[in-house]
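Subject: Structure handover

Hello,

Here is the structure I said I would pass on. My notes on it follow below.

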Amino acid sequence: MVTKTEENQLNRLESQVDNAGGGAWEYLCLVRKLKLRRSDKVLKHGLSILNNPSKRSALGPEEWTLYEQVAVAAMDCQSLDVAKDCIKVLRKKFPDSKRVGRLEALLLEAKGSWELADKAYSSLLEDNPLDQTIHKRRVAMAKAQGNIPGAIEWLNKYLEIFMADHDAWRELAEIYVSLQMYKQAAFCYEELILSQPTVPLYHLAYADVLYTLGGLENLQTAKKYYTSTIDLTGGKNTRALFGVCLCTSAITQVTKGKSKEEKEGSQVQSLAAKVLEKDYKQRAPDKLPQLTTALKSLTLSS
């Protein structure tokens with residue numbers, strides 16, 4: 001995550017470079033360090049160095065790093081001839097490099113040569129089955145072709161090997177949700193909560209999925225995770241507060257108000273409603289009447 005200090009430094013350097021004030025290399029290094037994709041800027045300022053023999057030679061071994069950075073930026077910008085030229089230089093310097101091989105496969109992707117790219121990735125994986133970048137590229141390639149079942153298959157295979165990749169679990173969960181495969185999405189969020197129990201986003205997303213699935217057990221569990229989201233965010237998550245109210249109302253309808261637990265739960269609903277009303281008074285007073293009406297309807301339906 002980019003800090004405020006790093007963001008200010010980046011913006012200062014970017015303004016300086018754009019106004020011919022120098023510092024192009026420092027800017028490119030910072031973009032790479034922060035893992036950002038300022039592709040148009042990288043392409044422009046990177047080429048200004050690579051096309052200047054004296055500036056290029058002054059980089060020493062970092063010259064090859066810049067060729068790689070510019071190649072990727074050129075593919076992002078669909079300047080495929082530039083990317084091809086950069087990769088050609090790198091291949092000549094490093095004839096047996098698997099890293100250059102990944103760039104060549106990436107260029108095939110950028111050209112839309114999906115089958116050739118897949119063959120290139122398969123060949124690279126034979127030499128290194130644990131290459132995370134290549135596994136991720138196969139997922140991205142399936143999504144780029146609109147092959148969502150294929151993306152799911154590759155993501156599941158990837159997670160069999162790299163189970164600790166939180167971003168991959170989250171991506172898979174979001175794909176499942178988009179396909180209304182809520183049980184599968186719930187499993188993904190369970191994995192995320194087990195590995196990162198203090199991240200409120202995962203508790204909230206899991207509660208949303210369970211609420212959508214419905215049924216008494218799912219609603220009760222959803223309410224617990226909405227509550228844990230509220231705890232983890234210091235009572236400031238509006239969506240989780242609404243979730244508690246919705247779950248309590250739905251549970252009461254299912255149990256006909258006979259459950260002692262849900263009679264006690266109505267107190268939690270009342271507390272959540274008060275917090276919501278207070279928040280709306282401070283931040284969106286004009287929307288307060290709509291909120292009051294919505295909360296009243298939930299209470300009446302309980």
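The largest pocket holds about 1,100 Å³ of space. Please keep in mind that this is a predicted model. The lining of the largest pocket comprises 31 residues, and those nearest its centre are Arg37, Val72, Leu106, Thr133 and Arg137. Two or more lining residues come from each of helix H2 (24-33), helix H3 (39-50), H5, helix H7 (98-111), helix H8 (114-127) and helix H9 (132-144).

Next, the nonpolar cores. The largest one has 44 residues, and Leu172, Tyr189, Tyr226 and Leu276 have the most contacts inside it. Helix H13 (residues 200-213) gives the most to this core, contributing 7 residues. Apart from this core lies another, of 30 residues, including Leu10, Leu43, Ala83 and Leu103. In soluble globular proteins, nonpolar side chains tend to be buried together.

I also looked at what surrounds Tyr226. Leaving out residues up to four places away in sequence, Tyr226 touches Leu204, Ala207, Asp208, Tyr211, Arg239, Ala240, Gly243, Val244 and Cys247.

On to the aromatic rings, where the count comes to 6 pairs. One of them is Trp64 with Tyr67, a stacked pair with 5.9 Å centre to centre and 20° between the planes. Trp64 and Tyr67 are separated by about one helical turn, because they are 3 residues apart in helix H5 (residues 62-76). Trp64 has 22% relative accessibility and so counts as partly exposed, whereas Tyr67, at 10%, counts as buried.

Trp169 and Phe187 form an edge-to-face pair, with 6.0 Å centre to centre and 65° between the planes. This pair links distant parts of the chain: Trp169 sits in helix H11 (residues 166-178) and Phe187 in helix H12 (residues 182-195), 18 residues apart. Trp169 counts as buried because its relative accessibility is 7%. Phe187 has a relative accessible area of 43% and is therefore partly exposed.

Ring pairs also join Trp64, Tyr67 and Phe94 into a cluster.

Regards

Key
Residues are numbered from 1 along each chain as its sequence is written. This is a predicted model: local features need pLDDT of at least 70, side-chain atom pairs count only at pLDDT 80 or more; totals for chains, interfaces and linings use all residues. Side-chain values use heavy atoms; hydrogens and water are left out. A nonpolar core is a set of buried Ala, Val, Leu, Ile, Met, Phe, Trp, Tyr and Cys residues joined through side-chain atoms within 4.5 Å. Buried means under 20% relative accessible area, exposed over 50%, partly exposed in between (1.4 Å probe, protein chains only). Helices (H or I, at least four residues) and strands (E, at least two) are DSSP runs, numbered from the N terminus. Contact means heavy atoms within 4.5 Å. Rings of Phe, Tyr and Trp (its six-membered ring) pair if their centres lie within 6.5 Å; planes under 30 degrees apart count as stacked, over 60 as edge-to-face and the rest as tilted. On a 1 Å grid over the protein atoms alone, a cavity is a set of points where a 1.4 Å probe fits but cannot get out, and a pocket is an open set with protein on both sides within 12 Å along at least five of seven lines; lining residues have an atom within 4 Å of a point. Grid points are joined across faces, edges and corners, and a volume is the space filled by probe spheres set on the points.
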